[in-house]
Amino acid sequence: MAYRSRIIGTGSHLPDKIVTNAELAKTVDTTDEWIVERTGIHQRHIAREGETTAALAFQAGENALEAAGISASDLDLVIVATTTPDNTFPSTATKVQAMLGMAHGAAFDLQAVCSGFIYALATADNFIRAGQAKNVLVIGAEVFSRIIDWEDRTTCVLFGDGAGAVVVQAFEPEDDEKTGILSTHLHSDGRLRDLLYTDGGAGSNSCVGKVRMLGRELFRHAVSNLASVVDEASEANGLQKNDIDWLVPHQANKRILDSTAKKLGLSAEHVVVTVDQHANTSAASVPLALDTAVRDGRIQKGQLVLMEAMGGGLTWGAALVRW
Ligand code: ACO
């Protein structure tokens, strides 16, 4: 039997604490004007003490399960994409699994930084296509604020905390039915790992480390890699420019979003933008944006949704979904 997968519910969760650009400018040498002009970011949510990745992930997961109309007992796999796990081990996914009251199935973390959700969605899709899972909870969750150097104005203004989730379910398509997750496309180039990294790690110096970034070079790679992966997704599905109803991009920088939309021939009304409110929440950014546009009614059944992301590694990828 040939199985395919579709997203049957979305959810998200943000810490209630909001930090505006003006508030940041009190502690670091920056201005609201610089941040808005260069990135489109106005504010970000920041986790409070004790508010961990697992806590955010659990809430987002519960919301997605509720929207999907299934319970944790129906799940057979939980994947958490995160760069900021609660512990070096065990995985945040097993913690979330326990919080959900599950003692069956499997749970694991996946690390691809800002591309983590696309990688996790592709993994869930492939588990389902292989017949190894029926209901998968895919979560992107981060407390990136804990690995930021708050004295480095070139990075600290860019990131925020949050979590987003989807429930992916197996179905058996009719003969030529083209719904659900149509294709996923993953890439990485480890030669470019020095463009965005933490200066620490469990296996190198026993520290978590802080985010270090070469912003301008990263920007250049983001624009060209995202353009090529959206081309790849379009070609794989025989799409023309304008066929896509919604672009749900990784929310790193408004200027990167605009350039990908231009490449696809999409006007601003077809791009889901949350970077202004959430900043860059790494693996959480795509599912947070997706949930926003599903809940406010923009994304409708039958529409074509293209998700894409790029992050440290470098890693990048895209997923095309007929909703
Ligand atoms: N406030 C005020 N001035 C600043 C700040 C700040 N927060 N940060 C940097 N500057 C200064 C710099 O020091 C520099 O000053 P100088 O000209 O006197 O040397 C000036 O602003 C310009 O700096 P640039 O780095 O050239 O600015 P740029 O226009 O490239 O914007 C930015 C920087 C926003 C980081 C951009 O390069 C970018 O978005 N890159 C992509 C980074 C990214 O998205 N990373 C996330 C992970 S990867 C991903 O998600 C795709």
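User: Which domains is the protein divided into?
Analyst: Let's start with the layout. This is a predicted model, and the chain splits into two stretches here: residues 4-171 make up domain 1, and residues 180-322 make up domain 2.

User: How many residues does each domain bring to the contact?
Analyst: The domain centres, taken over C-alpha atoms, are separated by 14 Å. Both domains take part in the contact: domain 1 brings 58 residues, and domain 2 brings 49 residues.

User: What area is buried between domain 1 and domain 2?
Analyst: Interface size is often given as the accessible area lost when the parts come together. Carbon and sulfur atoms give 63% of that area between domain 1 and domain 2, and the total is about 3900 Å².

User: Which side chains meet in a salt bridge, and at what N to O distance?
Analyst: Between domain 1 and domain 2 the count is one salt bridge. A salt bridge needs a nitrogen-to-oxygen distance within 4 Å. Here the partners are Arg 212 and Asp 149, at 3.1 Å.

User: Which element gives the most to the side of domain 1 that touches domain 2?
Analyst: The two domains also share 23 residue pairs in polar contact, both residues at pLDDT 80 or more. On domain 1's side, the elements that each supply at least two residues include β1 (4-13), α3 (53-68) and α5 (116-129). The top contributor, with nine residues, is α5.

Technical notes
Residues are numbered from 1 along each chain as its sequence is written. This is a predicted model: local features need pLDDT of at least 70, side-chain atom pairs count only at pLDDT 80 or more; totals for chains, interfaces and linings use all residues. Side-chain values use heavy atoms; hydrogens and water are left out. Domain bounds come from an automatic or database domain assignment. Contact means heavy atoms within 4.5 Å. Buried area is the accessible area (1.4 Å probe) that two parts lose on being put together, summed over both. A polar contact is a pair of N or O atoms within 3.5 Å; within protein, one must be able to donate a hydrogen and the other to accept it, and residues adjacent in sequence count only if both atoms are side-chain atoms. Helices (H or I, at least four residues) and strands (E, at least two) are DSSP runs, numbered from the N terminus.
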